Amino acid sequence: MVVLKLDGSALEIKDIKSFLQHENSKIEVTEDAYKRVHASRQIVENIIDNERTIYGITTGFGLFSDVLISKEKTSQLQTNLIRSHAVGVGNYLSENTALLMMVLRLNTMLKGHSGVRTILVDQLKTFINERIIPAIPEQGSLGASGDLAPLSHMALPLTGEGEVLKDGKVTPTIEVLKEKQIEPIELAAKEGLALINGTQAMTAIGIITYIESEKLMEDSLWISSLTLQSLRGIIDAFDEKIHIARGYDEQIYVAKKMREYLKDSKLTTHQGELRVQDAYSLRCIPQVHGASFQTLKYVKEKLEIEMNAANDNPLIFSENEVYSGGNFHGQPIAIAMDLLKIGVAEIANISERRIERLVNPDLNDGLPAFLSPEDGLQSGAMILQYMAASLVSENKTLAHPASVDSIPSSGNQEDHVSMGTIGARHARDIVENVRNVLATELFIALSAVEIRGVDKLSPKTKEKFDEYRKVAAFIDQDRKFSDDIKQLSLALRAIQSI
């Protein structure tokens, strides 16, 4: 069983990947983290006892930050905050995303700057380990002042309110808590704000999208290697000297992987044998795919900083250092998600062009037109290219940066917002489209190399052929090809339970 130990500072994407891939994984909280939580809570209690004016603890929120709240009403203030901010609409976030939101929110509390009680820490821990998954609508966050709406839907079930996902159905939280004999908690001063001031929705979506993107970019290399062999492509374009001469590490890496995948192939050619040069979608795989790999490095760095960040407000450092700032602003993740959108979308752009070369009789070096088993009578892979083109076009609209937009809110107190959660959702949707485009290229390439001669494949791509031929059969007659694409797309997932 995988056990993820949380301490507020050491969480990495590889840890999250392992946690999500294992159904019975659990989390633990370190003793040092508990001590930090207890110490920060004592400061909050002192603030209340001394009736000091601190935002969100003894005042209202947003434009109401100048309204003082009495000691007797601080708990009601937090409950009202969560209820009033649970205004999300649209489809529910995936169970993995909602689960990860709780993990990330708990991790940030463990830094000891949030002022929550250990009972809230334990309630989150119980929800995570028992897989009590909040039902969180995915739309409604501006991505500044925190992911207020989605995090409020995450927080309500901790108090016995709201809804959770049980067996794929939306169920009142209180029913599930009674069944599991778990007591709801009543929020104390500062705790409502500590639950919803943060970037956990965009970051959770971003982490899962990153994990899927990383796998897709790696998969795109062996898939394009199958295509290149189908088209008897020129291997000289991947010579190490070319890529060292330019100097990009990721381009050098992609060229190296292509050489490894194509080693000992009897289907590749050298320049001048059949043609002098290949089209860019084959010749420039290292340059184009390599540039997309570059975006992963940036995005990973920002996500791993954010998942261990104190993005609450106000932040508690000592009795005399309780500061109201803006760490909840999602701009770092918003820009990272917009960059990821572009990087991943380009993988589908170039893949669709390779699909066209596989099916177009003017470009596919003697393969059957559209890989049709019977010209005219059967369409073969003709409309698969249409579908891929449609997804690529859709990606172009989704890739428009969300982070360049801002609409002021809360009486113009919150006058610049990140729209980072919109960017993260769009990145997620682009990844789904890209996976289907790559599945389509793979599906067509599997049949194309079978026509050329599977025995001529390089050893490494022959292994891939054998693995994925079990998932989708040869195009020997027209059928509902969407079933093949669906199965291949599922097989290409990084996290099967996403």
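A search of the whole structure, which is a predicted model, finds four aromatic pairs, where rings of Phe, Tyr and Trp (its six-membered ring) pair if their centres lie within 6.5 Å. A pair of aromatic rings is described by the distance of the centres and the angle of the planes. Trp 222 belongs to helix H9 (residues 200-230) and Tyr 468 to helix H17 (residues 459-469), so the pair ties together parts that are 246 residues apart in sequence. Helices (H or I, at least four residues) and strands (E, at least two) are DSSP runs, numbered from the N terminus.

Residues are numbered from 1 along each chain as its sequence is written, and side-chain values use heavy atoms, with hydrogens and water left out. For this predicted model, local features need pLDDT of at least 70 and side-chain atom pairs count only at pLDDT 80 or more, while totals for chains, interfaces and linings use all residues.

Helix H16 (residues 420-452) packs against helix H18 (residues 481-491) at an angle of about 110°, the axes being 9 Å apart; axes are lines fitted to C-alpha atoms, for helices over the stretch in contact, and angles run from 0 to 180 degrees between N-to-C directions. This makes H16 roughly perpendicular to H18, in a scheme where angles under 35 degrees count as roughly parallel, over 145 as roughly antiparallel, 65 to 115 as roughly perpendicular and the rest as oblique. H16 passes H18 in a right-handed crossing (left-handed if the near helix is turned anticlockwise from the far one by less than a right angle, right-handed if clockwise). The contact (heavy atoms within 4.5 Å) involves Arg 435, Asn 436, Ala 439, Thr 440, Leu 442 and Phe 443 on the H16 side, and Phe 481, Asp 484, Ile 485, Leu 488 and Ser 489 on the H18 side. By class, this contact of H16 with H18 comprises six nonpolar, three polar and two charged residues, where Ala, Val, Leu, Ile, Met, Phe, Trp, Tyr, Cys and Pro count as nonpolar, Asp, Glu, Lys and Arg as charged, and the others, Gly among them, as polar.

H16 also packs with helix H14 (residues 331-359), their axes coming within 8 Å and crossing at roughly 20°, which makes H14 roughly parallel to H16. The crossing of H14 and H16 is left-handed, and the residues of their contact divide into 19 nonpolar, five polar and five charged.

Three strands form an open antiparallel sheet in the order E4-E6-E7, in which strand E4 (133-134) and strand E7 (169-172) are the edge strands, each pairing on one side only; two strands pair if DSSP finds at least two bridges between them. E4 and E6 pair over two bridges, with Pro 134 opposite Val 164 in E6. Strand E6 (residues 163-166) pairs with E7 over four bridges: Glu 163 stands opposite Pro 172, and Leu 165 has Val 170 as its bridge partner. The hairpin of E6 and E7 has two residues between the strands, and Asp 167 takes a positive phi near 55° there.

Backbone features also occur in loops. Lys 190, although not a glycine, has a positive phi of about 80°, and is placed in the loop between helix H7 (173-180) and helix H8 (191-196). A cis peptide bond with omega of about -5° joins Asn 313 and Pro 314, the latter being found in the loop between helix H13 (285-306) and strand E8 (315-318).

Conventions. Phe/Tyr/Trp six-rings, centres within 6.5 Å; stacked < 30°, edge-to-face > 60°.
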